[in-house]
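Open the model in your viewer and keep the selection tool at hand. The stops below say what to select and what to look for there.

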Amino acid sequence: MIAVGAIRNDSDSTPARGEWERAEAEALYSLPFADLMCQAQSVHRSNFDPNHIETASLLSIKTGGCPEDCAYCSQSAHYDTGLKATRLMDCADVVATAKRAKEAGARRFCMVAAWRSPKDRDLDQICDMISAVKGLGMETCVTLGMLTPKQAARLFEAGLDFYNHNVDTSPEFYGKIITTRTLQDRIDTLEYVRQAGINVCSGGIIGMGERLEDRLGMLVLLANLRKPPESVPINLWNEVKGVPVNATADRPDPIALVRLVATARIMMPKSVVRLSAGRQYMSDELQALCFLAGANSIFIGDVLLTTKNPEANRDANLLARLGITSALCLK
Ligand code: SAM
Ligand code: DTB
Ligand code: SF4
């Protein structure tokens, strides 16, 4: 078992502070809006080009029938969501989809499997997919569930750039959302990924009925990892029918989302913060405020995995009006 923040002196210098207290996160989050935005924008400008965002595209390479019980997810076999489970896609089909995503403006291609953890024989196919997608000149990301250190090393050898594995929520709320694997299981996988030399992508979801303390607790957890993740996806829960979250969730106040993004930016200054699921519910103005607050990555494409994303033209149009550059082009 690996403790959160157990090893602080790794070889690369970590500019993030790494020892955030929940009260500090609360104090930042509660600043007058203009002060919070000013601080977030200043941190953002010191670390990134504020007029550029990263574009990533998702593909569900193995959909549904998942043995985990994540209470928000359409793909869990524990709930009747009406989703048809599929087998692992062929490598050629994955590469053809990646090629189309590249042509549509995606720089990174994220291949996602609804698994608790990959079987070693599946990993052969996954490694082939990673090498082939990398061969197209795209950055690669996979999300396959929990890994062993050996599996992480194999993915690194195949040329994997990023591994996505979310902490999802705060330590306190976690047990209300997932019972089939622990938060520590997830933290262990993140550490194996880090030790293998792969960049870490980890974030979570808001809008599942959690409290503000849980949202900030999630940011504290991420910022205090041995090294903060290189990518931090912030997902707004995308509604799916038939899962337990349905009954409890209220969509978060838009200003609360902007405050959370700004707080994430300040707490993890070097991380790319991705405005992930849930953009379909957001106005252009809300997304613009999130970019001002320091979000600098989005998923593009009309679908995420099983739910909707804004259409390509709407995204291209928004970015053009904001003068934000990306690999996404206006059709
Ligand atoms: N099975 C793998 C795992 O859980 O690590 C990978 C796939 S899972 C779909 C990846 C992440 O997507 C989850 O950890 C969760 O944060 C996010 N996610 C899943 N369903 C979502 C939904 N309905 N709305 C927003 N985010 C969601
Ligand atoms: C992440 O944090 N968000 C992506 C990616 N990592 C794998 C997934 C979003 C899924 C949204 C729900 C769906 O489309 O099924
Ligand atoms: Fe399975 Fe991942 Fe969905 Fe959880 S989030 S049910 S592990 S696909």
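**Stop one: ligand 1**

Ligand 1 takes up the space of the largest cavity. A cavity here is a set of points, on a 1 Å grid over the protein atoms alone, where a 1.4 Å probe fits but cannot get out; a molecule sits in it if more than half of its atoms lie within 2 Å of its grid points. Before going on, note that this is a predicted model, in which local features need pLDDT of at least 70 and side-chain atom pairs count only at pLDDT 80 or more, while totals for chains, interfaces and linings use all residues. Residues are numbered from 1 along each chain as its sequence is written, chains are lettered from A and ligands numbered from 1 in the order in which they are written, and side-chain values use heavy atoms, with hydrogens and water left out.

Select the residues around ligand 1, meaning those with a heavy atom within 4 Å of it. There are 17, and the closest are Thr-143, Asn-166, Asp-168, Arg-181 and Asn-238. By class, the shell holds nine nonpolar, six polar and two charged residues. In this scheme Ala, Val, Leu, Ile, Met, Phe, Trp, Tyr, Cys and Pro are nonpolar, Asp, Glu, Lys and Arg are charged, and the others, Gly among them, are polar. Colour strands β2 and β7 (231–236): each supplies at least two residues of this shell. Strands are DSSP runs (E, at least two residues), numbered from the N terminus.

Which residues make polar contacts with ligand 1? The term means a pair of N or O atoms within 3.5 Å; within protein, one must be able to donate a hydrogen and the other to accept it, and residues adjacent in sequence count only if both atoms are side-chain atoms. Among them, Asn-166 places a polar side-chain atom 2.8 Å from an oxygen atom of ligand 1. A polar backbone atom of Asn-238 is 2.9 Å from a nitrogen atom of the ligand, and a polar side-chain atom of Tyr-72 is 3.4 Å from one of its oxygen atoms. On its own ligand 1 has 550 Å² of accessible area, of which the protein covers 90% (Shrake-Rupley method, 1.4 Å probe; for residues, only the protein chains shown count as cover).

**Stop two: ligand 2**

A polar side-chain atom of Asn-166 lies 2.8 Å from an oxygen atom of ligand 2. Leu-305 contributes a backbone N or O atom, 2.9 Å from an oxygen atom of the ligand. A side-chain N or O atom of Asn-164 is 3.1 Å from a nitrogen atom of ligand 2. The protein buries 86% of the 400 Å² that ligand 2 exposes when taken alone.

Now show the 14 residues around ligand 2; nearest are Asn-166, Asn-235, Leu-305, Thr-306 and Thr-307. The shell has seven nonpolar, seven polar and no charged residues.

**Stop three: ligand 3**

Select Cys-66, Glu-68, Cys-70, Tyr-72, Cys-73, Ser-76, Ala-114 and Arg-181, the residues around ligand 3. Five of the shell residues are nonpolar, one is polar and two are charged.

Select Arg-108, in strand β2 (residues 108–113). Is Arg-108 buried or exposed? Arg-108 counts as buried because its relative accessible area is 2%, where buried means under 20%, exposed over 50% and partly exposed in between (1.4 Å probe, protein chains only).

Finish at Arg-274, in strand β8 (residues 272–275). Arg-274 is buried, with a relative accessible area of 2%. Its side chain makes a polar contact of 3.3 Å with the side chain of Glu-54.

Notes. Helix = DSSP H or I, 4+ residues; strand = E, 2+ residues; numbered from the N terminus. 1 Å grid on protein atoms, 1.4 Å probe; cavity = no way out; pocket = protein on both sides within 12 Å on 5 of 7 lines; lining within 4 Å.
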